[in-house]
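This report goes through one structure part by part. The sequence and the model come first, and the text follows.

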Amino acid sequence: MSQITFDEETARGLVRMYMTPDVVGQRARFVQLTGVRPGEHVLDVGIGPGLLCADMAPIVGEQGRIAGVDQSAAMISVARERCAEFGWTDFRESDATELPFEDASFDLVTSTQVYEYVPDMAAALSEVRRVLKPGGRVWILDTDWDSVTWATDDRARMRQVMDAWDGHLFDPHLPSTLGAKLETAGLRVTGVEVIPLVNTSLHGHCYSGGILGAIQGYVASQTDLSTEVAQAWADEQRARSARGEYFFSINRTCFGAVRL
Ligand SMILES: C[S@@+](CC[C@H](N)C(=O)[O-])C[C@H]1O[C@@H](n2cnc3c(N)ncnc32)[C@H](O)[C@@H]1O
């Protein structure tokens with residue numbers, strides 16, 4: 001397994017991809033699911049470039065609090081800049097398995113596209129439970145990468161590329177076990193919802209337009225697959241789109257749970 005480095009360049013790529021209408025819509029639905037309210041104290045685990053925090057900050061308002069952690073100093077710095085106008089945000093460099101907060105500090109903990117990178121989920125969820133107030137909620141969004149449907153004439157190559165891409169995560173299938181993991185951690189599951197993203201053409205302002213380049217770059221530079229295979233795989237998708245034969249979909253799975 002070779003992980004992605006979450007540096008400034010990755011932050012810029014993430015912002016481009018996460019500001020596409022696909023992911024803006026996904027984030028809006030996720031915020032709705034959390035039920036975040038004015039005055040609440042919220043912790044976001046793995047804030048990345050701070051897009052979710054920037055969406056929740058105006059909702060909790062200055063009587064509330066948005067705290068956030070990320071293991072990457074570059075992401076923290078981008079997120080601080082994005083949320084500078086919200087004085088009630090507070091971002092710290094820290095690992096998801098060691099949250100630098102007192103017990104029972106938060107009404108809501110959120111995390112999107114982070115826990116699939118975390119090897120010790122028992123420790124991470126135990127920390128979520130510890131920092132939640134009794135009755136507090138947690139909402140988590142992650143991807144099972146087996147949920148990807150990408151039209152192709154070369155299924156073997158598609159499988160090779162997607163298997164290689166799985167290597168950038170500790171658990172590319174986390175949603176299928178997340179409910180049980182939450183319950184084991186002492187959190188009662190209250191809701192599950194799948195948010196599908198669908199693209200029928202390939203362009204720069206859709207989710208698959210961004211992830212195509214990220215996958216191509218990763219498999220060519222960090223796995224045993226050759227640059228030529230990665231290039232041919234990406235070229236097929238561009239050619240399909242030019243012919244009007246493009247199809248991509250992926251499921252984001254959201255779990256909600258409460259601390260009893
Ligand atoms: C794919 S990005 C998602 C960012 C953000 N949650 C979003 O959805 O816009 C994953 C983020 O998780 C962070 N991350 C990965 N493993 C982590 C860990 N063990 N502790 C804290 N942050 C972690 C990375 O630094 C990166 O910013």
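Axes here are lines fitted to C-alpha atoms, for helices over the stretch in contact, and angles run from 0 to 180 degrees between N-to-C directions. Helices (H or I, at least four residues) and strands (E, at least two) are DSSP runs, numbered from the N terminus. The model is a predicted one, in which local features need pLDDT of at least 70 and side-chain atom pairs count only at pLDDT 80 or more, while totals for chains, interfaces and linings use all residues. Residues are numbered from 1 along each chain as its sequence is written, and side-chain values use heavy atoms, with hydrogens and water left out.

## A helix pair

Two packed helices are described by the angle between their axes and the distance between the axes. Helix α6 (residues 155–166) packs against helix α8 (residues 207–222) at an angle of about 80°, and their axes are 10 Å apart. Angles under 35 degrees count as roughly parallel, over 145 as roughly antiparallel, 65 to 115 as roughly perpendicular and the rest as oblique. α6 and α8 are therefore roughly perpendicular to each other.

Contact means heavy atoms within 4.5 Å. On the α6 side the residues are Val161, Met162, Ala164 and Trp165, and they meet Ile211, Ala214, Ile215, Tyr218 and Val219 in α8. The residues of this contact divide into nine nonpolar, no polar and no charged. In this scheme Ala, Val, Leu, Ile, Met, Phe, Trp, Tyr, Cys and Pro count as nonpolar, Asp, Glu, Lys and Arg as charged, and the others, Gly among them, as polar.

## Around the ligand

A residue is near a molecule or strand if one of its heavy atoms lies within 4 Å of it. There are 18 residues around the ligand, of which Gly46, Asp70, Asp95, Ala96 and Thr112 come nearest.

| Residue | N or O atom of the residue | Distance to a ligand nitrogen atom |
|---|---|---|
| Glycine 46 | backbone | 2.6 Å |
| Glutamine 71 | backbone | 3.2 Å |
| Aspartate 95 | side chain | 3.1 Å |

## Two residues with positive phi

Most residues other than glycine have a negative phi, and most peptide bonds are trans. Alanine 104 has a positive phi, near 50°, and is found in the loop between β3 and β4 (106–112). Buried means under 20% relative accessible area, exposed over 50%, and partly exposed in between (1.4 Å probe, protein chains only). Alanine 104 counts as partly exposed because its relative accessibility is 34%. Glutamine 113 also is not a glycine, and its phi is positive at about 60°. Glutamine 113 sits in the loop between β4 and α5 (121–131) and counts as buried, at 12% relative accessibility.

Valine 118 also lies in the loop between β4 and α5. With a relative accessible area of 10%, valine 118 is buried. Beyond its neighbours within four places in sequence, valine 118 is in contact with Ala96, Thr97, Ala124 and Phe170.

Glutamate 40 is placed in the loop between α2 (21–34) and β1 (41–45). Is glutamate 40 buried or exposed? Its relative accessibility is 6%, so glutamate 40 counts as buried. A polar atom of its side chain lies 3.0 Å from the backbone nitrogen of arginine 37. Apart from neighbours within four places in sequence, glutamate 40 is in contact with Gly35, Val60, Gly64, Arg65, Asp107 and Arg137.

Threonine 89 belongs to strand β3 (residues 89–93) and counts as buried at 17% relative accessibility. Its side chain reaches the backbone oxygen of phenylalanine 86 at 2.7 Å. Not counting residues up to four places away in sequence, threonine 89 touches Ala57, Ile66 and Cys83.

Cysteine 254 is in strand β8 (residues 248–259) and is buried, with a relative accessible area of 0%. Among the residues that cysteine 254 touches, not counting those up to four places away in sequence, are Phe30, Trp139 and Glu193.

Valine 189 lies in strand β7 (residues 187–199) and counts as partly exposed at 24% relative accessibility. Leaving aside neighbours within four places in sequence, valine 189 has contacts that include Gly179, Phe255 and Ala257. Valine 189 and valine 138 are 51 residues apart in sequence, with their C-alpha atoms 9.2 Å apart in space.

Methods:
Polar contact = N/O pair within 3.5 Å; in protein donor to acceptor, adjacent residues only side chain to side chain.
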